[in-house]
Amino acid sequence: MVSDAAYTSLRGNVSFLGRLLGDTIAAAEGQPFLDLVEQIRTLSKSAREGSAVAREELQAVLHNLGNEQLVPVARAFSQFLNLANIADQHHNVSRGTDPLLSASRSLANGLGELLEQGVAPAAVIDAVRELRIELVLTAHPTEITRRTLIHKHGEIGRCLAQLELSGLTERECERLHIRLRELIAQIWFGDDFRSDRPTPVDEAKWGFAVVEDSLWRAVPEFLRRLDRALFDSCGEHLPLEVSPVSFVSWMGGDRDGNPNVTAAVTAEVMLLSRWQAADLYLADVVHLVEELSMTRCSQALGQLAGGAHEPYRVVLRQLRDLLRRTRLAIEAELAGDTPPEGEVLHCTDQLWQPLHACYESLVDCGMQIIADGALLDLLRRVRCFGVHLVRHDVRQDSARHTQALSELTTWLGLGDYAAWDEEARRAFLLRELASRRPLVPHHWQPSEDVQEVLDTCAVVASQPPQALGAYVISMARQASDVLAVHLLLKEAGCSHSLPVAPLFETLDDLSRAREVVEALLQDNWYRGHIEGRLMVMIGYSDSAKDAGVLAAAWAQYRAQEELLQACGDHDTRLTLFHGRGGTIGRGGAPAGEALLSQPPGSLRNGLRVTEQGEMIRAKLGWSSMAVKTLALYTGAICRANLLTPPAPEAQWRELMSTLAADSCDAYRAVVRAEADFVAYFRHATPEQELAKLPLGSRPARRAGGGGIESLRAIPWIFAWSQNRLILPAWLGAGAALRLALDRGQGDMLRQMVSVWPFFATRLSMLEMVFAKADTDISAYYDERLVPAELRHIGAGLRAQLAADTATVLEIGGGRELLAAEPWIRESLRLRNIYTEPLNMLQAELLQRNRQTPEPVLERAIMVTIAGVAAGMRNTG
């Protein structure tokens, strides 16, 4: 438990920042306006406490706001929630927080508990040395906050951290208070939104900024703490060359449904990542040139430095010059100019060898304390970030590859590849993969779409292996979908074996994943090509949209089990790539619980998982938070691999399969079978307005159609979170659990909760969703926005939500939601005082704008959307 003192500190920071915001608003807009904001806040608090009179008065005040008041009122509540989030995030890494929650203590306790439970020290050492955490930063358009605001939020967090330090003088405290007032004023007088949608290159630069601002410092700091925890518990240090953490980017490489991501964009982004890496290394090397002025050195380093008086500086200056030339060469290539002459950085050894020579020389000459300073940190960075800063994935829809081969085979007179059955496709692909002659003629001119696919493969082929992560195939349904990419890469001249990962995302695809992988592994060419290593991506978002969260979760679990079994049968090491989002409807869950609820053995070859949208900022955006996130991942992975999670009993599996089928039926009965559901969804949520938000470069819908099927999972969930029904995160699950209770299976459900982490996590997440949902607000949206003939749908859904809440409480034996998490419950209560006016104002604005669209209304709607997202702590 976190101490009462820590809670008091958090509340104090929230109140303090709120007062500073109030002062800023009064100075900018006048005291009468601040009085109006305070009136709305007071009415909201009374309404949340059950006053029907206060709720009616609140609705009236918001209804009577003039157009000139709409945006400022919305911004006042939205900015308060942003400041509360900053205080909350600071609290999580604060010096005053319970030390049990610190990253160092988390690592030490985690390794210590493994030893206490009988794990041999040698096994712990091996597990840490073999640790592989690969975090994939994606370009999903859920980051609603501008980069300039993210910077200001980070500065506010740093000021709060400074104010915690003991021994500050009165003048120092005053300076920090002035700086906070300045930052809050900058926010109030600035623009909350981008004026235009970001390009894929803009998104990539945002990802690089996360590395520069946070991860560049966080990685070596995390490794220092891990090294200390390993030494204290097992008496061994972390080897210098070990790199348990790495980062991959989809920004500028994820072209699935995004026509803005082209081969030229991917090539540009890969150059920019190399430039950013060289720039960051250069700053570190310049610092070391200043620091390492020692004259004593080993014979090896002396030879490397040519017998110079200050050998370390000589070696480091050579490296500095190499990095400067590299930056200039990349800048010239980006500009289309001739690069300067001379060697440039192209492989990790060019960094590692001189730096490692300096390190070994310092150690050999009795200067370990100097070696283990900034130089050690830089060596750790070289192992983590390499020459390219991040490795880049490419993702494309399987249909685009089919189209390319269809055009090619038709032009060659071989028939239409798209019309062939799976057996014929596979035979053709394997025959061509084994052939030494080229398939694609030089004089063939394909369509524009197919040329783009070929150009992308050419970009992949032109890159060194260490620049790339994987080629991910979305909507992969057959073995031929995987072989097709291997053939296209071969034809492009790709000389290395890039992992080609099928992404199984719908319920049907997940159920057939083992069949597809076994068909691949039974082929001699394929097994030889992958050299005993296979990557498969599990999609959480689309499977949940397809079948509901409970059915999707069980399909994901079973698919992972079956894939592990199939790969084990063929002596192949499987890396499972988890395409999770931040929200529960997209597979999100607290890191520890999510990992420990995976099937036994699923983390043996490491963790590869997407970090998306605002979750990148929340979990990795501050160095201190990134260190804590990496520590949580480390502890959970080591625990899962060394203390195998319990496998479900046969009767639990049977019940889980029944629950999945029942929940899928209940979900689809609403989403698919209810004739007016799509119309209700469009009226009751800001789904149509969300498409106008300049969030990301990717369109909100896939090409073709306008129904739920064409809507991407992210805006689908984002829209429902705005009206507080949060439908995708619970629909179907409670109905299935109620049927099990009615069949007399309550005791078995409770046993599953107490013993099986997978099932316990599902119910815990449902409880969190129910605590965030608000049926009164959902009903208000219906009252203001939904035609009378459709309102019965919302009424039925709210009744189902109430029934499902009661069901989950009955299984858990509790009387109120989040009874075991009092501070989370209190945090939600506090946020709701500020979120509810934004919800009510949003409903009012949507009604006005749908009747008579006006720019001021659209802007105010955007502000409320951002504010509600801040209050809910997630978007999509």
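Visitor: Why does Glu491 count as partly exposed?

Guide: The model is predicted, and the value is computed from it. Glu491 has 21% relative accessibility. Buried means under 20%, and exposed means over 50%. Glu491 falls in between, so it counts as partly exposed.

Visitor: What makes Glu491 and Lys490 a salt bridge?

Guide: Their closest N and O atoms are 3.6 Å apart. The cut-off is within 4 Å, so the pair qualifies. Lys490 is partly exposed too, with a relative accessible area of 28%.

Visitor: How do you know that Arg653 and Glu561 form a salt bridge?

Guide: The N to O value for their side chains is 2.4 Å. Arg653 belongs to helix 27 (residues 650-671) and Glu561 to helix 23 (residues 549-569), so the pair ties together parts 92 residues apart in sequence. Arg653 is partly exposed, at 27% relative accessibility.

Visitor: Why is the contact between Arg41 and Glu38 called a salt bridge?

Guide: Side chains of opposite charge can pair when their charged atoms come close. For Arg41 and Glu38, the closest N and O atoms are 2.8 Å apart. Arg41 has a relative accessible area of 22%, which makes it partly exposed. Glu38 is partly exposed at 36%.

Visitor: Why is strand 5 described as largely enclosed by the rest of the structure?

Guide: Of the 5 residues in strand 5 (residues 500-504), 5 are buried, so the description holds. Each is therefore under 20% relative accessible area.

Visitor: How do you know that both faces of strand 5 are covered?

Guide: Val500, Pro502 and Phe504 on one side are buried. Ala501 and Leu503 on the other are buried as well.

Visitor: What makes strand 4 and strand 5 a pair?

Guide: Pairing takes at least two bridges. Strand 4 (residues 468-474) and strand 5 have 3 and run parallel, so they pair. Val472 stands opposite Ala501 in strand 5. Between the two strands the chain passes through helix 18 (residues 479-491), and this β-α-β crossover is right-handed.

Visitor: How do you know that strand 5 pairs with strand 6?

Guide: The parallel strands 5 and 6 (residues 533-539 for strand 6) are joined by 2 bridges. At least two are needed, so the test is passed. The bridge partner of Phe504 in strand 6 is Ile538.

Terms used: Residues are numbered from 1 along each chain as its sequence is written. This is a predicted model: local features need pLDDT of at least 70, side-chain atom pairs count only at pLDDT 80 or more; totals for chains, interfaces and linings use all residues. Side-chain values use heavy atoms; hydrogens and water are left out. Buried means under 20% relative accessible area, exposed over 50%, partly exposed in between (1.4 Å probe, protein chains only). Helices (H or I, at least four residues) and strands (E, at least two) are DSSP runs, numbered from the N terminus. A crossover is right-handed if, with the strands pointing away from the viewer, the path from the first strand over the helix to the second runs clockwise.
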